[in-house]
Structure formats: structure tokens, C-alpha cells
Amino acid sequence: MKELLKKHEKLVRQILKFGVVGGGAFLIDYSVLYLLTEFVGIHYLISSVISFIVSLIFNYILSIYWVFDVTKKQTSREVFVFVILSVIGLLINQVVMYAGSDLLHIYYMLTKLVATFIVMVWNFVTRKIFIEK
């Protein structure tokens, strides 16, 4: 087991860091969604877009500088790729939110847990492929 961890140490560290960053982003996303929906009275799908974007900014900054240790300045192409991947992640989030809450009548905060997990996997895999070279 120790040899396996040593062999894949960088990937294991990245996954752990990604989990820490993702946990922080999740808390931001989940909290903002709840606050905007329950206290401000914004429809959950609109709140979900806003909370997703706020947590995405947090996630981007920490992912670039800590998880994937990108030390060079991001090119406009790399930023564009990140934006496209993020928009796809937002679409996945919204489809899952709508399907779970409106079609299946599951409480939106529970549906958000499923959406977050799916988007988290999407984000890690696509950032690993397209952002870290």
C-alpha cells in the first residue's frame, strides 16, 4: 500500500487538496443557495446559478494556485477553456437541480448534494485533462 501511495503521491495529494478546496466551495455554494432562496426569496434555480458562480470563483483561484500548482500566467486560451468547462458544469448543475426538484419533487437542498457530487467529478477530471498539462 505504501509503495502504491508513493507511486501516485502527486495524484493523491491533488485529490486531497481538491477535496479541501471542493469542501470550502461546497460550503459557499450550499450556504449562498440557502440564504438567497430562503431569506431573500429568490427562486432556487436563480439562487443556484448565483451560488455556483460565487463558489466557482473561490474554487478557481485555489485550484489554480494550490491544487494544480499552475505557476505560469494563464493564457487567454486556458481561461477560455476553464470558462467553457465551468459553463458545462453549471448546465449539469442546473439540469440536475431542475430534474430533482421540479420533476422528482425532491427538496432542492437534497438535490443540490447530488448536483454537487456530479459537478465535482466533472471539474476534477476536466481540469486535470485541460488545465494541468
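Predicted model: local features only at pLDDT ≥ 70, side-chain atom pairs only at ≥ 80, totals over all residues.
View 1. Residues are numbered from 1 along each chain as its sequence is written, and side-chain values use heavy atoms, leaving out hydrogens and water. Here the side chains of Lys-112 and Asp-29 meet in a salt bridge, 2.9 Å from N to O. This pair links distant parts of the chain, with Lys-112 in helix α5 and Asp-29 in helix α2, 83 residues apart. A salt bridge means a side-chain nitrogen of Lys or Arg within 4 Å of a carboxyl oxygen of Asp or Glu. Helices are DSSP runs (H or I, at least four residues), numbered from the N terminus. Lys-112 is buried, with a relative accessible area of 1%, and Asp-29 is buried at 6%. Buried means under 20% relative accessible area, exposed over 50%, and partly exposed in between (1.4 Å probe, protein chains only).

View 2. A search of the whole structure finds two salt bridges. In the one shown here, the closest N and O atoms of Arg-13 and Glu-9 are 3.0 Å apart. Both residues sit in helix α2, four residues apart, which is about one turn of the helix. Arg-13 is partly exposed, with a relative accessible area of 43%, and Glu-9 is partly exposed too, at 38%.

**View 3. Tyr-34 and Phe-39, an aromatic pair.** Five aromatic pairs turn up in a search of the whole structure. Tyr-34 and Phe-39 form an edge-to-face pair, 6.0 Å centre to centre with 80° between the planes. Rings of Phe, Tyr and Trp (its six-membered ring) pair if their centres lie within 6.5 Å; planes under 30 degrees apart count as stacked, over 60 as edge-to-face and the rest as tilted. Tyr-34, which lies in helix α2, is partly exposed at 33% relative accessible area, whereas Phe-39 is exposed at 62%. Elsewhere, Tyr-44, Tyr-107 and Tyr-108 form one aromatic cluster.

**View 4. A nonpolar patch on the surface.** Tyr-34 and Phe-39 return here among the members of a nonpolar patch, whose residues together have about 1,100 Å² of accessible area. The elements giving two or more residues to the patch are α2 (9-40), α4 (76-103) and α5 (108-130). Helix α2 gives the most, with four residues. Patch residues have over 30% relative accessible area and no salt bridge, with like charges joined within 9 Å and nonpolar side chains (Val, Leu, Ile, Met, Phe, Trp, Tyr) within 5 Å. Accessible areas come from the Shrake-Rupley method with a 1.4 Å probe; for residues, only the protein chains shown count as cover.
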